[in-house]
Amino acid sequence: MSTEQQKGAQRVFVTGVGVVSPIGFGRVEFGRGLVAGKSGVAPIQLFDTHGLDRDLACEVKDFRPRDFLTAAEARRTGRCSAMAVAAARMAVEDAAISAADLGGPRTSVILGTTMGEANVLGELEAAWIHDGEASVEQSALPRYGTTLLPIHVARAFGARGMVQTLPAACAAGNYAIGYATDQIRAGRADVVLTGASEVIEKLQFAGFCRLGAIAPELCRPFDQGRQGLMCGEGAAILVLESEASVVRRGATVLAEIGGYGLACDAHHITRPHPEGSGSAHAMRRAIATSGLRPDDIDYVNAHGTGTSANDKVEAKVLRDVFENRQPAVTSVKSMIGHCMGAASAIEAVSCVLTLQDGVIPPTMNYVTPDPECEVDLVANRPRSAKVRIALNNALAFGGYDAVVAFAQPGVLPPIPDPSQIDPGFVSAPAAL
Amino acid sequence: MRLAITGLGVVSPFGVTRSAWQDALSGSDDAARANAFRASEVVEGARTAEVWGFDPNEVLGPKGHRSFDRLTKYLIAAAKHALEDAGLKHDGAFVGPLTSEQLGICSATAYGSLDAITELNRVAELEAPRYINPARFPNTVINAAAGYVSIWEDLRAPNTTIVDGNCGALDAVLTAATHLHHRRGDGFLVGGGEVISEPLYRALAKLGVLSMDGKPGVEMGEGASYVVVERPDQAAARGARVLGEFVGYGTAFEPPESEALLVHASQESTERAVGQALAEAGVDASDVDVVVAARCGLAEMDRAEDQGLKAALGEDVAVVGLKRVHGETFGAAGAFGIAAALAWMNGVPVGSLVRGRAPQEVRHVVISTVGFYGNCSAVVLRRGG
């Protein structure tokens with residue numbers, strides 16, 4: 001490991017968070033729900049589940065866009081973008097950042113999602129399929145489009161820099177947070193509003209039912225009796241700022257972003273690589289690019305979907321990466337479900353709260369240990385612990401692996417020079 | 001920014017090879033246009049520029065792609081050709097010094113696999129959701145198409161899908177530059193793809209965006225294009241042929257003044273994106289030989305872009321409107337702009353001029369992409385060698 005500093009690279013801090021989740025809105029309510037082990041599971045109300053064999057999910061209840069959005073914004077947006085704008089408003093308020101500091105070309109918006117405004121598309125297509133083209137409302141068409149997700153957020157705050165969506169399936173939140181960090185490090189932005197948003201939609205739910213991936217009653221990550229995931233939805237936005245911006249406006253810092261790691265399994269479109277090689281690579285890179293060693297990691301917010309394949313492979317990877325000193329592990333999907341593209345963004349907020357409050361949220365519904373999933377699981381009750389460094393794991397459709405490191409302010413070493421870090425290409429020839 | 005371009009793969013209405021693309025650009029615009037735009041095989045009664053006669057079995061072999069949608073097949077074909085063109089693969093096997101773990105993808109699309117989603121929605125709506133084909137369900141995820149490319153070509157460095165309307169393929173250049181800087185990989189496919197689908201065509205027609213009944217507007221095209229990018233020192237060390245270099249990138253967003261509006265033609269965002277790209281490249285506006293403009297066929301959008309280009313580059317620079325020849329490819333538009341720029345840098349004469357005079361020699365090209373909402377991105381390419 002090298003401690004040689006990356007010249008000119010900016011440190012990146014989290015100065016505000018906003019959440020729309022199945023167990024509460026905003027940093028305080030969401031945090032309370034996590035620590036209390038609150039369940040977001042309930043019968044689905046968004047669509048008819050007749051004939052699908054499953055009818056439970058973690059929906060966001062009582063989300064009224066007009067509580068957070070202007071009338072014009074509410075007219076323009078679908079549920080996915082509306083939740084993103086709402087979470088962004090909470091995050092901006094949390095960061096106490098002024099319109100003047102936020103507006104202009106030095107602020108970017110980089111968001112993740114899996115399917116974007118899937119419910120808008122579903123409704124438009126249902127009208128078209130059943131009643132023909134004339135029945136499709138012209139005014140509803142512009143609400144669809146993955147491109148629009150960050151644009152709605154940028155418009156809400158006058159951001160005029162980069163506006164990008166990174167659809168990386170269930171790793172999208174981490175992809176966005178990582179790339180946002182890259183932009184600030186490289187001096188291309190001072191502030192980035194980043195995170196992700198996702199809605200539960202009929203076709204998506206039916207697809208997971210057809211894959212046999214949905215649990216009948218409860219999501220039990222790492223439990224021997226786990227029967228699958230529980231679909232969730234929501235949005236989380238983080239305000240990321242350069243050190244210079246933080247100092248200039250005297251901002252309160254919630255956490256620092258360390259490094260992050262990406263890999264692609266290139267194995268199967270829905271199943272993880274059985275050896276977890278990509279996942280392990282991403283974790284090791286997140287640690288190394290933070291200037292840390294595995295022993296420095298106190299806590300891992302696991303991807304932990306509650307499916308047989310994911311949890312088994314992820315537990316193996318945790319044992320491989322951390323060997324004898326296992327960090328505490330939790331899957332909050334046991335409470336909020338699998339919020340797909342938004343999952344790792346919401347869970348990033350959970351990591352920030354753990355760093356702040358010193359409480360690791362529980363993995364609920366854990367009954368029977370699985371010898372294949374042996375990790376230091378924080379089961380059923382929260383655990384008080386001094387957590388200085390947390391890793392946020394995300395694995396996704398397409399074999400995407402993305403891991404982001406979060407740290408208490410002042411804990412991380414100087415930002416390592418990328419050219420001094422072992423890229424970890426096992427089979428790379430020495431000549432290059 | 002300095003990224004060496006060492007390979008190109010293009011799947012276009014002119015064919016599935018780089019040479020088919022270059023041959024089409026070498027001839028007259030009218031001939032290329034007549035070849036590209038025909039009666040649609042996807043949308044009844046429409047005239048579009050589709051990838052005519054695409055046979056996946058020819059490119060991908062007879063097996064293993066039954067559940068792939070068209071976007072996935074186009075992307076795989078473009079990726080395969082680009083990797084072979086770069087001398088990194090031959091007959092499906094890695095032959096260069098770069099291995100599976102060192103190669104990744106930065107791929108753009110605006111609408112992704114919309115046709116695949118519609119196909120499943122038809123089953124869900126007309127039969128029942130429980131009858132949807134689970135093998136085709138992953139296609140509903142926007143990044144699935146690029147994910148399949150990684151699997152098919154065994155590329156294990158990061159795979160990033162980018163959505164930024166019509167600008168994504170140029171944004172992918174910065175994504176790759178960032179990944180290379182951080183050594184997340186040592187080579188990346190950069191570009192994107194888009195397909196014509198009935199829901200997209202019908203929606204754009206209903207919104208009055210398309211050129212129909214003699215009214216000017218967007219003419220839809222499709223296809224996929226990737227370049228292989230590497231660090232210049234690495235390309236030199238492995239003796240790779242360098243087709244060109246990316247030397248600058250810029251992006252900007254300008255919202256409309258009215259809260260009630262969504263679509264926005266912004267002069268300022270083009271001016272800012274191009275200005276940033278030039279500044280990063282250290283290239284003076286007077287050194288730019290030709291601009292591949294977005295020019296989508298919508299008068300207000302095209303006027304705003306042109307004013308932005310004039311403000312950033314002056315009145316005299318040669319500007320090309322490529323979409324007249326092969327159609328609007330949305331998220332892939334920047335990738336086709338790159339493919340055209342590389343053709344010109346390597347001997348194909350500049351055509352499809354909108355204004356200015358075709359340069360005899362092309363050393364610097366600016367590519368401009370314009371989204372429908374005030375978002376713009378631009379890159380500067382420099383001739384290799």
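What radius of gyration would a compact globule of 432 residues have, and what is the value for chain A? The rule for a compact globule with 432 residues gives a radius near 22 Å, and chain A, at 20 Å, agrees with it. The model discussed here is a predicted one. Along the principal axes, the C-alpha trace of chain A extends over about 65 × 55 × 45 Å.

The secondary structure of chain A comprises 13 helices and 16 strands. Among contacts in chain A with a separation of 6 or more, 81% link residues 24 or more positions apart. Of the 432 residues in this chain, 64% count as buried.

The interior may be considered next. In soluble globular proteins, nonpolar side chains tend to be buried together. The largest nonpolar core of the model contains 290 residues, and Ala87(A) and Ala236(A) are those with the most contacts inside it. Helix H3 of chain A, residues 79-95, gives the most to this core, supplying 12 residues. When residues up to four places away in sequence are not counted, the partners of Ala236(A) include Val17(A), Gly18(A) and Val19(A). Ala87(A) is also touched by Ala236(A), as are Gly173(A), Ala345(A) and Ala348(A).

Gly173(A) belongs to H7(A), while Ala345(A) and Ala348(A) belong to H13(A). Helix H7 (residues 172-185) and helix H13 (residues 343-357) of chain A pack with their axes 5 Å apart, at an angle of about 65°. Because angles of 65 to 115 degrees count as roughly perpendicular, H7(A) is roughly perpendicular to H13(A). On the H7(A) side the contact is made by Gly173(A), Asn174(A), Ala176(A) and Ile177(A), and on the H13(A) side by Ala343(A), Ser344(A), Ala345(A) and Ala348(A). By class, the residues of this helix contact are five nonpolar, three polar and no charged.

Technical notes: Residues are numbered from 1 along each chain as its sequence is written. Chains are lettered from A and ligands numbered from 1 in the order in which they are written. This is a predicted model: local features need pLDDT of at least 70, side-chain atom pairs count only at pLDDT 80 or more; totals for chains, interfaces and linings use all residues. Axes are lines fitted to C-alpha atoms, for helices over the stretch in contact, and angles run from 0 to 180 degrees between N-to-C directions. Helices (H or I, at least four residues) and strands (E, at least two) are DSSP runs, numbered from the N terminus. Angles under 35 degrees count as roughly parallel, over 145 as roughly antiparallel, 65 to 115 as roughly perpendicular and the rest as oblique. Two residues are in contact if their C-beta atoms, placed from the backbone, lie within 7 Å. Ala, Val, Leu, Ile, Met, Phe, Trp, Tyr, Cys and Pro count as nonpolar, Asp, Glu, Lys and Arg as charged, and the others, Gly among them, as polar. The radius of gyration is taken over C-alpha atoms; the globule rule is 2.2 Å times the number of residues to the power 0.38. A residue is buried if 20 or more other C-beta atoms lie within 10 Å of its own, exposed if 12 or fewer, and partly exposed in between; C-beta atoms are placed from the backbone. A nonpolar core is a set of buried Ala, Val, Leu, Ile, Met, Phe, Trp, Tyr and Cys residues joined through C-beta atoms within 7 Å.
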